[in-house]
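Let's take a friendly walk through a protein model. Have the sequence and the 3D view ready before you start.

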Amino acid sequence: MSAVPVPEGRPASVSILLVEDDEVIRRSVALALERYGYQVATAGDGLTGLERFREGGHDVLLLDVMLPHLDGVGLCRRVRETSTTPVLMMSARGDALDVVSGLEAGADDYVVKPVDTAVLVARIRSLLRRATFAADAPPVEAARKDTVLVFGDLAVDTAGLEVSRGGEPVALAPTELRLLLEFAANPGIVLDRQTLLRTVWDYGWEGDTRVVDLCVQRLRKKIGADRIETVRGFGYKLRRT
Amino acid sequence: MRTVRSLVNWRSLRWKIALLVAVACCAVALTVGLLVHRSTLERSMNDGAAKAVTALSHSVERYAREGTSEPGDELDPGAMPEELLRRLHERKDPAHNPVTWYDGGPHAPRMWAATSYRGEPFAVYADMTPDLLTRQALDRHMWKYSLVVLGIVVPVSALAAELPHRRLRRVARTARRISDGDLAARTGAGGGDEISAISATVDAMADSLHERLLAEQRFTADVAHELRTPLMGLVTASGLLPEGEATDLVRDRVAVLRNLVEELLEISRLDAGAETADPRPVPLAAVIRDSLARTGLGARFTAHGEPWAETDPRRLDRIVANLVANAHRHGRAPVEVEVTGTTVTVRDHGPGFPAHLLAHGPQRFRTGAAERGHGHGLGLTIALGQARVIGARLDLANSPDGGAVAVLRLPAAP
């Protein structure tokens, strides 16, 4: 464990909404993240958290799983109805049920408490990279025309970062989009879970592969279940046609 | 393949039932056959004797009337079978009824009838060959049809035994799945016989096991939540403290406490059976080398060849890290890690494992011997538990030339 250093070059007004019922965790995590230069808004229960979120202006949601009134999983599901804001869950139980239901509800990643502030910040940065990648990319690549990849009824615009299925636009959360782009760059090639964890989630070493499985499940719901095939014992691949 | 093996398994219940049916059929066929054979023989003897006696009385009458004999009449005692003469001599019958004797061979079978005519033996015989042929034909038929019936009944009974056999196999398969950890497996069998009773018992056992496991897992998860929540506050808040000697002390103790809590939670998850492996083929040498690098502890690494193993790399990492940390904490450098095939050996050059640990396995919070230094003794327990989860074998021993040796044998990649 190390002290929280005050980093140079603060991220320009990145706002984090922290929903956590334990007061000590809420205050200390908020203080620690503020030292890293993030703006932190807090809420002590799920309903207040949802209200705060709806006020808008948050770039990342940091949710505890066990919350009074509306738990983290329910809150995440409500947020996902209208928004693709990255969600990071914090679980103290760390058992399969917590993790799986959080990821199913649309969380992008999870950490198990207690978590070092440095690790937490690294996960938040990885989430933000995926989100800003989506926001920043278009102007840079807009000039290129041959950027639309077509797989059957699915069209992926790798420059405009728009996805449509049968002509209808599909709204993807940043992690889902990042995952789809990874598949689209390697159509018909099997990508194993560890590779995807590295390239999409920035895990340096063996992460929890359920994160990948559940994100693939969410992606399948949006772009068609048979578009991404499971290759048993290896990973997943995108069907070309 | 399994069907073929179960078909040729002679100890299978199916073949036992078929054998039992075959034995029962044979017993019935043999009894009935013997009875029929004997009664036919008896009737044939009686008929033959009656025929011979009638022929004798005709011949005696004719001889008395005309003085001639026909073929089949015998007046010369030398040509009569001795047994017939003996019976004639021993005849005590006051009515002087004729005696009969069946002569079975070696020539064509004959039924003799004899009496005394004016003090001399007078005998006739009747040829019994057609009778013998009829009886032999009957025996042959009985054999033939018994075999035909056996040939039908045994396969049919083996087929009929297939249904209970299949149900029993399903119970066995379910029980095996349960013992392999799939507590959702049920036989789901109905009916009112003994096999249904076994199925219901297996299902009930799985239910209660599943419930207990769920309760233990829930408890473990709750304990984890209760311990980790304050710890998270402590970890984050101590990270906010201003630098200084006192802060370092606090952070050091927080780190120890955090480690201890995680190890205890890991052990309780292992105990509750809440851990399942996520195996995949991994290059063993590379995974172990990375794992050693992450521990930050010195170890001499050697690998022979490029072995692959089917295992869960995260759990393998835990095992190796714990073994190496244990070697450093309780043993002495140099710590050597060797990969040979799918076997990983970690050895140190310290005083070796204490005798009680080798005899009874690692005990929580007991390192036992003072010479092995301090520690809470959870590392080896976790290593053993994780080894069980990934289906590996972890053996602890002492090298004859000193030092503790831990040998981890992983299942080979298929």
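Here is a short tour of some strands, a helix and a chain contact.

## Before we start

What you see is a predicted model, in which local features need pLDDT of at least 70, side-chain atom pairs count only at pLDDT 80 or more, and totals for chains, interfaces and linings use all residues. Residues are numbered from 1 along each chain as its sequence is written, while chains are lettered from A and ligands numbered from 1 in the order in which they are written.

## The open sheet in chain A

Look for 5 strands in chain A: they make an open sheet, in the order E2-E1-E3-E4-E5, with parallel pairing. The labels come from DSSP runs, numbered from the N terminus: helices are H or I with at least four residues, and strands are E with at least two. Two strands pair if DSSP finds at least two bridges between them. At the edges stand E2 (39–43) and E5 (109–112) of chain A, each with a single partner strand, so one side of each has no neighbour in the sheet. From one strand to the next, the twist averages 20°; axes here are lines fitted to C-alpha atoms (for helices, over the stretch in contact), and angles run from 0 to 180 degrees between N-to-C directions.

Now zoom in on E3 (residues 60–64) and E4 (residues 87–91) of chain A, parallel strands joined by 4 bridges. Leu62(A) sits opposite Leu88(A) in E4(A). Helix H3 (residues 72–82) of chain A lies across E1 (15–19), E3 and E4, running at about 155° to E3(A).

## Two hairpins

Further along chain A, E6 (residues 148–151) and E7 (residues 154–157) pair in the antiparallel sense over 4 bridges. Val150(A) has Ala155(A) in E7(A) as its bridge partner. This hairpin has 2 residues between the strands, and Gly152(A) takes a positive phi near 60°.

E7(A) also pairs with E8 (residues 162–165) of chain A, again antiparallel and over 4 bridges. Asp157(A) stands opposite Glu162(A) in E8(A). The hairpin of E7(A) and E8(A) has 4 residues between the strands, and Leu161(A) in the turn has a positive phi of about 55°.

## Where the chains meet

How many residues does the contact take from each chain? Chain B gives 25 and chain A gives 23, where two residues are in contact if their C-beta atoms, placed from the backbone, lie within 7 Å. On the chain B side, H5(B) brings the largest share, 14 residues.
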